[in-house]
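Subject: The two-chain model

Hi,

Here is the structure I promised to pass on to you. Have a look at it first, and then read on for what I found.

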Amino acid sequence: MAMKTGDAFEAKELPEEVKATLPNVYVDDLLMSLKYFIDEDKAHLRIIDQAVCARCEYKPCLYFCPVGVYTQGNDGRIQVAYQSCVECGSCRVGCPYKNIQWELPRGGFGVAYKFG
Amino acid sequence: MNSERIEFDAVVVGAGLAGSAAAMVMARGGLNVALIERGQKPGGKNYFGGAIYTHAIADLVPDFMDRRPPFERPVTEAGFWFLGKDGLTRMTVQGGELNADPPDAFITLRANFDPWWAEQAQAAGAFLIPKTTVVDFIREENGQVTGVLTDRPQGEIHAPVVIICEGVNNILTQKLGLIHRDLEPAQMALAFKKVISLPMETINARFGLPDDAHGLAVSVLGDVSLGLPGMGFVYTNKASVSIGLGVMLDTLAEYRLRPYDVLQRYLDHPAIAPLIKGGQLLEYGAHLIPEGGYRAMPKLATDGAMVAGDAAAMVNALHWEGTNMAIVAGKLAGETALEAHSRGDFTAKVMSRYEDRLSEGFILKDLKQYRGFSRFLETHPQFMDVYPNFVNGALGQFFTAYGKPKKELFKGMLGSLTNRRGLIKAAGDIVSMARSVMGW
């Protein structure tokens, strides 16, 4: 039952009629509600090897990250907007290839929830 | 430069619910405690549903109500909502046990609560060190932990005992070898929610609450997570609503779902949208919940160190418990550290008394009993889909006059279930639900 990893990772499809009920949310509208102390000098998230991402068929990180940190550039490379990260850890455990180097931001930096 | 060696009697990593509880107990016992927090202030990294149980708070601060805790509302109504395609069946309880004084639980926002909780530790003498990330341990050659390394310049802090309350991303716990790998995505729920501002009177009117001394906490099952394993929640704050859902991370990854799309779909549901209509988004956020249960727990103690709270996967997903386990586990770890100091022995032999203490109370008993539940929703998707729809359809028909003989109606109701799930299978589902909860 465990999620398959590496090249064995398989995407599943929802029935079309269920999929059609999903709205298309612009995540930046949500990010505006968040407060961050951005560390301009150090990215706490890093793709370990872009070649692994290129080989990753389904690239689930482009979807499951709750704040849309991961996007794919025109050149096909995965871009990491670590500044938006809420440090949940989903990509740390969810990347099928464990290809993301995930560290905590330096002390005081990163998301600062106002409500929680 | 001649740098002074920084030394404490104990170090706590993380000023959340477990960490501040541990620091409180140790400081009261006379120890010199460093409480290290990576955020700007305690709570800044924490995000939950949610409610906090008073039994755990009272355990450490019996007069907590006199210390003006920043609670939102007491939970005076709790239960389940079953969301159908366009309907909603509510099964909630109010009064009775929920009218206890003080209330059993308070709806809370962590960015307010956690600083107050840490203040109780500081009032007892613990020294809070914010904006500091612990990156590693200081260890002797035999492995005995004797302090932590922070990301500050000359960031070594020495102490004979370290209590790790680092949260769900248990990097330090792994560094110590207390668990050898990350939890599986199938053992993690990603919870995401919005805090939506609404006038207090509007919340009272829409949720049927007489005033702001009453609050609602519900789990929402059914058409919340596209028929996939997941559960929604609604909590009424004083002048805002915390509303969101949790979906297993493997589900989000495999179906390539954007959490914010799934959340919006839930908020747009015809039974949910009117409740939050006109509200302003105060904050969106997300947090992982370690729902793997007993089998996902790390080793809890080693030479010079103990683990408590989310870092140790202390969560009972079905009963929304986790915050209380964190507080009580933090307290028990603190008591064990006091025992170690009084004996002058910080080896695993004394540290493992922490696990004995956990076994005596509800935490390990409950986690053992519920060890099967973490897989239950995954293996029984009909609880997300067939049954909530059945309840809505059946009750809808029960309370509708079609001008048809009732016998026909009841046949139809039953048929709407048996078409989707045979009665024997349905009975089997109930048995396996009971098994996973009772630990049979």
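**What the two chains share**

In this model, 54 residues of chain A are in contact with 60 residues of chain B. Please keep in mind that the model is predicted.

The size of an interface is often given as the accessible area lost when the parts come together. Here chain A and chain B bury about 4900 Å² between them, and 59% of that area lies on carbon and sulfur atoms. Which residues of chain A lose the most area to chain B? They are Y63(A), Y113(A) and F115(A), which together make up 16% of what the chain A side buries.

There is a polar part to the interface as well. Between chain A and chain B, 29 residue pairs are in polar contact, with both residues at pLDDT 80 or more. On the side of chain A that touches chain B, at least two residues each come from α2 (27–31), α4 (61–64), α5 (90–94) and β6 (110–111). The largest share belongs to α5(A), with 4 residues. By residue type, that side of chain A divides into 33 nonpolar, 11 polar and 10 charged residues.

As for charge pairs, 6 salt bridges are found across the interface of chain A and chain B.

**Chain A by itself**

Chain A has 5 helices and 6 strands. Along the sequence, these elements of chain A follow the pattern α-α-β-β-α-α-β-β-α-β-β. Taken along the principal axes, the C-alpha atoms of chain A fill a box of roughly 40 × 35 × 35 Å. Of the 116 residues in chain A, 50% count as buried. For contacts in chain A with a separation of 6 or more, 69% are between residues 24 or more positions apart.

**Chain B by itself**

The secondary structure of chain B consists of 16 helices and 20 strands. How does its radius of gyration relate to the globule rule? The value for chain B is 23 Å, close to the 22 Å that the rule gives for 440 residues, so chain B is as compact as a globular protein of that length. The C-alpha trace of chain B spans about 90 × 45 × 40 Å along its principal axes. Buried residues account for 60% of the 440 residues in chain B. Among chain B contacts between residues at least 6 apart in sequence, 71% join residues at least 24 apart.

Is T302(B) buried or exposed? Its relative accessibility is 13%, so T302(B) counts as buried, the cut-off being under 20%. Beyond its neighbours within four places in sequence, T302(B) is in contact with L176(B), L178(B), A348(B) and M351(B).

The other stop is F373(B), in the loop between α12 (362–369) and α13 (376–379) of chain B. With a relative accessible area of 7%, F373(B) is buried. F373(B) and Y294(B) lie 79 residues apart in sequence, and their C-alpha atoms are 9.9 Å apart in space.

Key: Residues numbered from 1 in each chain as written. Chains lettered and ligands numbered in written order. Predicted model: local features only at pLDDT ≥ 70, side-chain atom pairs only at ≥ 80, totals over all residues. Heavy atoms only, no water. Contact = heavy atoms within 4.5 Å. Buried area = accessible area lost by both parts, 1.4 Å probe. Salt bridge = Lys/Arg side-chain N within 4 Å of Asp/Glu carboxyl O. Polar contact = N/O pair within 3.5 Å; in protein donor to acceptor, adjacent residues only side chain to side chain. Nonpolar A, V, L, I, M, F, W, Y, C, P; charged D, E, K, R; others polar. Rg over C-alpha atoms; globule rule 2.2 N^0.38 Å. Buried < 20%, exposed > 50% of the residue type's maximum accessible area, 1.4 Å probe, protein only.
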